[in-house]
2 protein chains.
Amino acid sequence: MTETCHGRAVVLLSGGIDSTTALAFALQETEECIALTFRYGQKHIAEVEAAARIAREMGVKKHLTIPIPLGEYVASALTARDVPVPAGETTASPTPSIPATYVPARNTIFLSYALAIAETTASGSIYTGVSSVDYSGYPDCRPAFIRAFQNLAAVATRCAVEGKPVKIKAPLQYLNKAETIRAGVRLGVDYSLTLSCYEPDEDARACGRCDSCCLRRRGFEEANVKDPTPYVF
Amino acid sequence: MTETCHGRAVVLLSGGIDSTTALAFALQETEECIALTFRYGQKHIAEVEAAARIAREMGVKKHLTIPIPLGEYVASALTARDVPVPAGETTASPTPSIPATYVPARNTIFLSYALAIAETTASGSIYTGVSSVDYSGYPDCRPAFIRAFQNLAAVATRCAVEGKPVKIKAPLQYLNKAETIRAGVRLGVDYSLTLSCYEPDEDARACGRCDSCCLRRRGFEEANVKDPTPYVF
């Protein structure tokens, strides 16, 4: 069904439903995965712990958690202590507004790092869990963005010049949240390991109110899959 | 002669001839510049001090020096303590080989950060000093790379979605080193502030042997401009 990509892959793993499902695709389609997680100044740092748990449980050979300075240079509700994360779903397809949780150039920076590490480790592909169906309207989750980054990767590196550009894989690009969850369940993903919430409490319990929680909750409902998430509300 | 770009610009400033000349262009063409310098694990850290000196002397309003983890994740003679910087010029147009000093995805990462900061500061453009004439054969200095990043910037951010994408300016793209130096002299650049060397000594004196020194020395010769560089050899 999906194209088999041999060799090694770098997988962007934030610890949520989408990146974990993308990791499951990568583990199925490639021989070895390197998972990348970023500490970029996000307030919901519990997702980094979730990512470590997921990488371990899913048998990822190498998991890199890279601390990068980003939160201190950009304006976003996900990084600024004095900007609240909005409650409620912000998706408004087909012309989504871009919510306060948007982090400028975040996926561009993440993919750029993934590109550096893919080239260094001779990995043929980068997997990202972006989706443009049930999403928050972030510009750097859309097909046009992924295509543009693919075109950039095709000229940016030594391996590209040598005829082996790194490929960008976005297996969830056209799946809604329910379809993503169903695909993940088929691939054996244990979603109780994942964390989507932007404002988890001290025990890493999901708030149940933020955009990310709303999308998650509705996804499980529509997929007819039991939601394992301990929501506070 | 050059297009006037109003407003604010983010300028990638490494401290060498090219980025300093690009800064001079940006200062002429825009109202306000934010200079960005990266500590990415380069052994020739003296260039960061040069960048600070240049930003100060050239009246840059804001200069950010951002430490990013890169050297520890990639393989390059510019970052690995156990890999020597090769002596001699490595340029071999029109099919340049890519030397050991190539740093995987470096310009992609630098431009991605510049994009995040440009969006956050409402800057309309990013200036980079890349050139594809007298250069070291790095894939991420070529016109195809800059075009691809421009296309990425046109879809990656909120400001792009709102119809105001950040523009990528590479004023030296088609200039050789001598032409760059002549342009810089016309713009009032004091090249004694700059450092090109990949292996400066403890007093920040240029080795005179590395690829970057060779390109620099020949540039001043061909430009008929007195070379202010204190070379060791």
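## Two chains, seen through a few residues

With 18 C-beta neighbours inside 10 Å, Glu89(B) counts as partly exposed. That class sits between buried, which needs 20 or more other C-beta atoms within 10 Å of the residue's own, and exposed, which applies at 12 or fewer; C-beta atoms are placed from the backbone. The model is predicted, so local features need pLDDT of at least 70 and side-chain atom pairs count only at pLDDT 80 or more, while totals for chains, interfaces and linings use all residues. Residues are numbered from 1 along each chain as its sequence is written, and chains are lettered from A and ligands numbered from 1 in the order in which they are written.

Back to our opening residue: Glu89(B) sits in the loop joining S3 and H3 of chain B. Helices (H or I, at least four residues) and strands (E, at least two) are DSSP runs, numbered from the N terminus. Setting aside neighbours within four places in sequence, Glu89(B) has contacts with Asp211(B), Cys214(B) and Leu215(B). A contact here asks that two C-beta atoms, placed from the backbone, lie within 7 Å.

**Chain A as a whole**

Chain A holds seven helices and five strands, and from the N terminus on its elements run β-α-β-α-β-α-β-α-α-β-α-α. A compact globule of 233 residues would have a radius of gyration near 17 Å, and chain A agrees, with 17 Å. That radius is taken over C-alpha atoms, and the globule rule is 2.2 Å times the number of residues to the power 0.38. Along the principal axes, the C-alpha atoms of chain A fill a box of roughly 50 × 40 × 35 Å. Of the 233 residues in chain A, 54% are buried. Among contacts in chain A with a separation of 6 or more, 73% join residues 24 or more positions apart.

One of the residues in chain A is Val48(A), in helix H2 (residues 46-57). Leaving out neighbours within four places in sequence, Val48(A) is in contact with Gly15(A), Thr37(A), Arg39(A) and Thr65(A). Val48(A) and Glu202(A) are 154 residues apart in sequence, and from C-alpha to C-alpha they are 14 Å apart.

Axes are lines fitted to C-alpha atoms, for helices over the stretch in contact, and angles run from 0 to 180 degrees between N-to-C directions. In chain A, the axes of helix H1 (residues 17-29) and helix H6 (residues 177-186) come within 9 Å and cross at roughly 40°. That makes H1(A) oblique to H6(A). Angles under 35 degrees count as roughly parallel, over 145 as roughly antiparallel, 65 to 115 as roughly perpendicular and the rest as oblique. H1(A) passes H6(A) in a left-handed crossing; this means that the near helix is turned anticlockwise from the far one by less than a right angle, whereas clockwise gives a right-handed crossing. On the H1(A) side the contact uses Ile17(A), Asp18(A), Thr20(A), Thr21(A) and Ala24(A), and on the H6(A) side Thr180(A), Ile181(A), Ala183(A) and Gly184(A). By class, these residues divide into four nonpolar, four polar and one charged. Ala, Val, Leu, Ile, Met, Phe, Trp, Tyr, Cys and Pro count as nonpolar, Asp, Glu, Lys and Arg as charged, and the others, Gly among them, as polar.

In chain B, the axes of helix H6 (residues 177-186) and helix H7 (residues 211-223) come within 7 Å and cross at roughly 65°. That makes H6(B) roughly perpendicular to H7(B). The crossing of H6(B) over H7(B) is right-handed. H6(B) brings Lys177(B), Ala178(B), Thr180(B), Ile181(B) and Arg182(B) to the contact, and H7(B) brings Leu215(B), Arg218(B), Gly219(B), Phe220(B), Glu222(B) and Ala223(B). Here the division is five nonpolar, two polar and four charged.

**Where the chains meet**

In chain B, 35 residues are in contact with 35 residues of chain A. Strand S3 (62-67), helix H3 (106-120), helix H4 (143-156) and helix H5 (158-161) of chain B are the elements that give two or more residues to this side. H3(B) supplies the largest share, nine residues. The side of chain B that touches chain A has 27 nonpolar, five polar and three charged residues.

Most residues other than glycine have a negative phi.

| Residue | Phi |
|---|---|
| Ala204(B) | near 65° |
| Asn224(B) | about 60° |

Ala204(B) lies in the loop between H6 and H7 of chain B, and with 15 C-beta neighbours inside 10 Å it counts as partly exposed. Asn224(B) belongs to the segment after H7 of chain B and is exposed, with 9 other C-beta atoms within 10 Å.
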